[in-house]
Number of protein chains: 2
Amino acid sequence: MKALDIKARIPYRLHIGQNLLMCDELLQLCHKMRRHIVIITDEIVAQYWGNTLLKHLNAHLPRVSLLSFPAGETHKTRETKAFLEDRLFELGCGRDTCMVALGGGVVLDMAGFLAATYCRGVPVIYLPTTLLAMVDASLGGKTGVNTPFGKNLIGTISSPHSVWIDVSTLKTLPESEWRNGFAEMVKHALLRDESLFHALCDFKYEINEPLCDKIATNLAVKKEIVEQDETELGLREVLNLGHTIGHAIERIENYGISHGEAVAMGLLVESYISVRLGLLQESDLSCLMSLLKKFGFLLKTTAFEPISRFMAVLTLDKKSRAKVPRFVLLERIGCPYQKNGSYAHPVDEQILLEALKWAEVNLK
Amino acid sequence: MKALDIKARIPYRLHIGQNLLMCDELLQLCHKMRRHIVIITDEIVAQYWGNTLLKHLNAHLPRVSLLSFPAGETHKTRETKAFLEDRLFELGCGRDTCMVALGGGVVLDMAGFLAATYCRGVPVIYLPTTLLAMVDASLGGKTGVNTPFGKNLIGTISSPHSVWIDVSTLKTLPESEWRNGFAEMVKHALLRDESLFHALCDFKYEINEPLCDKIATNLAVKKEIVEQDETELGLREVLNLGHTIGHAIERIENYGISHGEAVAMGLLVESYISVRLGLLQESDLSCLMSLLKKFGFLLKTTAFEPISRFMAVLTLDKKSRAKVPRFVLLERIGCPYQKNGSYAHPVDEQILLEALKWAEVNLK
């Protein structure tokens, strides 16, 4: 079992390994909490892992409950939060409750927010069960729910008590979900770690120690970025690499495309812009394209056509200033481009149009 | 204008004076925020002060809005919070929003919670307009909403940017509301400041500098207690003086009695217990009784009869352990009783019954 210490407003520790869900250390931690333990999960993960964990904890601890809600981003709402709160009150949970968030990013965001405001704050332990949640949502402290006006608009920045990344839970993960996590891993490598980028060429959807190592390297990259900039004003912007284009694709496809596919295409288009601006080498772009194809990304979307619609949606991006979208660019693999202290740059409209035309031809 | 610096997770400053709502310093602060300013208030305070403040800020700042909700504790709900969030999104408010909470405790609790989770946290400035909010809700960082399961069950501990206590807004405060604040002031004096207790004998419902001084002294008392114990584990428990009995009265009267009346009676019953246990002098209890009567407290309730019902409701108190209610007791005026590091004590059932019989005779 590997461990990583995170410096946040409230520091916490990340554990990475196999078969952690049933390990003694986690059980002892739950016991030490001397509290009512409540597993928060979604209905799918409850079937795969939740009920087993409940049974295991119940055999050793006095008060353990499980609450689940329907799986998926569409259920990450204020209404689901209120529903869970009312169930917690019915269970008689007070300030001596400790939550255990078991699931993907949606479950972690929901349970993190739930815990941050339940009785004005109770501790929560994260047990991510998707590769994406392991390398992304488990670090950074962002919690929240969606509203009809947009994603993650209501929430907090708050730390879990600790994070236990049990890669064995990936056994039940569909391949498309592996790709969602893989796209973020590629992003981290592009931002900070050229050797990780090359190591990812040998990546396999297999549960073993090298997987634990790669997750640990990824988290070290995100940790370095997040710790330097907890409130997302400067360096943390780099984590949006691939996401300006990626989010626009998702919006136009009405979230009918997976986040990983959208980000993969975003990484390619934004790398093309970097090449076009004379920053990145063309060979690096080719390298990225073959890596993504090798791992089964389809890299197909109809979102770029017509370009005028795509441009209109781009201006709605969170990073836009005065309706001009801004992009994280690469100087080389492992190094984002910085200018005047900023990592998010406006791009000349002509170059942007050219990049979209390139995408229209190459990604469809 | 007086100022008091509060050490909290995020330190902030309290300003106390007359005519602060329209003062240049507040206007300059709003200007400095370079943000969309949104006044959050209730429908009654909007009439008295909100619309005037909106007009004033609008004359000097580019983007100012006002959102109001129906007045009263029954509207401090998750539903009202979601309603306000949706109005904020409709107004196009992003992370560059600064909220201004204008009103009593309900408005401060609601706006504080709203700000703590809107776009994962935006700043909020508190402008309390009731004596109770000035001496109580403006300090301590508690925010939150009620649910059908109880009061303040969902919320956060978070600091406002700053607090501006404009005593001139008390002009429109009904006398019963003055008493709600006065009861908390008496509580603070009983806990920490004998001279404040005697000064309160000359208290008048008048807006002048001595009022500002008394509010400042009160806040200094609460500040000392809260700063020593931000997470409410030890010393902060003393702030529940009068509230174990007070909350039980409110529950039985179904909140048809004012908080101030309930707390005043709670202070008397709990002081009686202190006398009965040989801690407090009987003359201090008489002093307290005449002070409260002088300031128009009715000190009447039917809640104590039958005593069995009152006892049952008492056990539901938040401070109860294993269903045994706990009380803050007084050693003398200005000094709570401490034993084994705790300030909340179980009381022998016989003595408790005796105190309730005393109350039944003396407070009805």
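Reply: Gladly! Keep in mind that this is a predicted model. At the side chains of A:D86 and B:R78 there is a salt bridge, with N to O at 2.9 Å.

Me: How many salt bridges does the rule find across the interface of chain A and chain B?

Reply: The pair A:D86 and B:R78 is a salt bridge between the chains. Across the interface of chain A and chain B, the rule's count is four.

Me: Which helix gives the largest share of the side of chain A that touches chain B?

Reply: Between the chains, twelve residue pairs are in polar contact. On chain A, the elements α3 (78–90), α4 (105–117) and β8 (150–154) each supply at least two residues of the side touching chain B. The largest share, seven residues, belongs to α3(A).

Me: What is the area buried between chain A and chain B?

Reply: The contact involves 27 residues of chain A and 27 residues of chain B. In chain A, the most area is lost by A:F89, A:R120 and A:F149, together 32% of what that side buries. Carbon and sulfur atoms give 54% of the area buried between the chains, which is about 2,300 Å².

Me: Which residue of chain A comes closest to the rotation axis?

Reply: Chain A superposes on chain B by a rotation of 180 degrees with 0.0 Å of shift along the axis, at an RMSD of 0.1 Å. The two copies are therefore related as by a two-fold rotation axis. The C-alpha that comes closest to the axis in chain A, at 4.3 Å, is that of A:R78.

Terms used. Residues numbered from 1 in each chain as written. Chains lettered and ligands numbered in written order. Predicted model: local features only at pLDDT ≥ 70, side-chain atom pairs only at ≥ 80, totals over all residues. Heavy atoms only, no water. Contact = heavy atoms within 4.5 Å. Buried area = accessible area lost by both parts, 1.4 Å probe. Polar contact = N/O pair within 3.5 Å; in protein donor to acceptor, adjacent residues only side chain to side chain. Helix = DSSP H or I, 4+ residues; strand = E, 2+ residues; numbered from the N terminus. Least-squares fit on C-alpha atoms with pLDDT ≥ 70 in both.
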